[in-house]
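Hi,

Here is the structure I promised to pass on. Have a look, and then read my notes below.

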Amino acid sequence: MKLCRYSLTPLSPWSGWLRSDTIYGLICWNMAESEGEAACASLIEAFGANQPPFLLSSAMPAGYLPMPILPAPSREKFRGLAAGDDGSGEKLFAALKRFKKFRKSKWLAASAWQRHKAGLDLARLFLDSPEAAAKPLSETAFEPHVAIDRATGAARAGQLFFTRLRYFQPEAKLDLYARCEDPDWLLKKLRLIGDTGFGQNASTGNGRFDAELDGDFDAEAFELPEASACLLCSACAAPDMTGLDGYYRVEVKRAKTGPGNANPFKKPFLMLEEGSVLTRRLPGPFVLRDLNADRRVVQIMQPLTLPCRLAEARKS
């Protein structure tokens with residue numbers, strides 16, 4: 001499957017971030033509603049058989065990728081970063097402050113990734129792109145709501161609550177990477193999701209976006225023959241995580257089902273975060289089952305990865 005990239009333009013506030021597993025679920029719901037449950041079941045079966053028809057990343061700021069999760073350089077190596085240290089330690093201290101900020105960055109410029117994907121090293125990335133963090137694309141605000149009494153249709157006294165919303169800058173653009181055989185088919189699905197919105201209060205206009213296929217995207221610049229590692233651009237989990245190796249960060253996922261389910265909550269599970277660097281690919285399949293009393297409820301956690309090599313072999 002060829003690598004392609006879509007450009008997303010937020011059109012309203014979002015209640016959360018658009019992550020890969022959320023998009024998989026929204027596409028399944030869309031297929032069930034527009035093409036029938038059999039089409040949705042067939043799509044899930046393909047993922048369950050480890051033959052995914054497409055792969056999706058999470059959304060990320062335009063021109064950026066997830067910051068690779070890599071070990072920090074040794075003290076000796078870092079001293080070399082503060083070249084020209086006059087012995088007072090001031091330049092070394094300043095370099096340490098910049099490096100600390102760099103390590104906390106969530107995003108890395110895609111151009112820096114392309115230059116160093118054949119020899120990934122946190123120190124080299126720091127020297128190449130010390131200001132790695134993308135400019136803030138949004139601000140968080142809280143929206144007040146009043147609970148409504150269904151019996152009377154009036155507001156309930158003392159039932160004020162707030163939802164957290166992400167308000168984007170007018171010029172905000174996001175990138176979404178995919179591997180697929182039919183980019184136009186996937187574009188239609190993304191546009192349908194963008195038209196209806198996603199997340200909390202999508203029915204009142206939240207979570208909307210527009211999608212376009214990036215015709216200027218150079219896929220070859222992101223590929224690497226004979227890669228020995230890969231960068232996760234998606235949230236990832238599998239029933240069998242045996243053999244997991246590399247540098248990664250885990251997160252507890254607390255997901256919900258779609259509408260119409262008596263129990264809307266799924267069992268929490270652990271997943272790998274975007275930016276994890278794996279030196280051994282998980283075998284899959286990446287479909288989690290038995291998360292809800294309804295056995296039809298599943299979670300698709302199929303990852304999209306970018307190939308790379310580490311600068312130094314990991315010591316066992």
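Which residues touch the most other members of the largest nonpolar core? They are Tyr6, Ile27, Phe54, Trp113, Leu186 and Phe222, out of 72 residues in that core. A core here is a set of buried Ala, Val, Leu, Ile, Met, Phe, Trp, Tyr and Cys residues joined through side-chain atoms within 4.5 Å; buried means under 20% relative accessible area, exposed over 50%, and partly exposed in between (1.4 Å probe, protein chains only).

Before going on: this is a predicted model, where local features need pLDDT of at least 70 and side-chain atom pairs 80 or more, while totals for chains, interfaces and linings use all residues. Residues are numbered from 1 along each chain as its sequence is written, and side-chain values use heavy atoms, without hydrogens and water.

Phe54 touches, among others, Tyr24, Ile27, Trp185 and Leu186 (contact: heavy atoms within 4.5 Å), leaving aside residues up to four places away in sequence.

Now the salt bridges (a side-chain nitrogen of Lys or Arg within 4 Å of a carboxyl oxygen of Asp or Glu): the count comes to 12. In one of them, Arg5 pairs with Asp214, with the closest N and O atoms 2.9 Å apart. These two sit 209 residues apart in the chain. Arg5 is buried at 14% relative accessible area, whereas Asp214 is partly exposed at 22%. Arg249 and Glu273 also meet in a salt bridge, at 3.0 Å from N to O, and are 24 residues apart. Arg249 is partly exposed at 43%, but Glu273 is buried at 17%. Shared partners join Arg5, Asp175 and Asp214 into one network.

Cheers

Terms used: Helix = DSSP H or I, 4+ residues; strand = E, 2+ residues; numbered from the N terminus.
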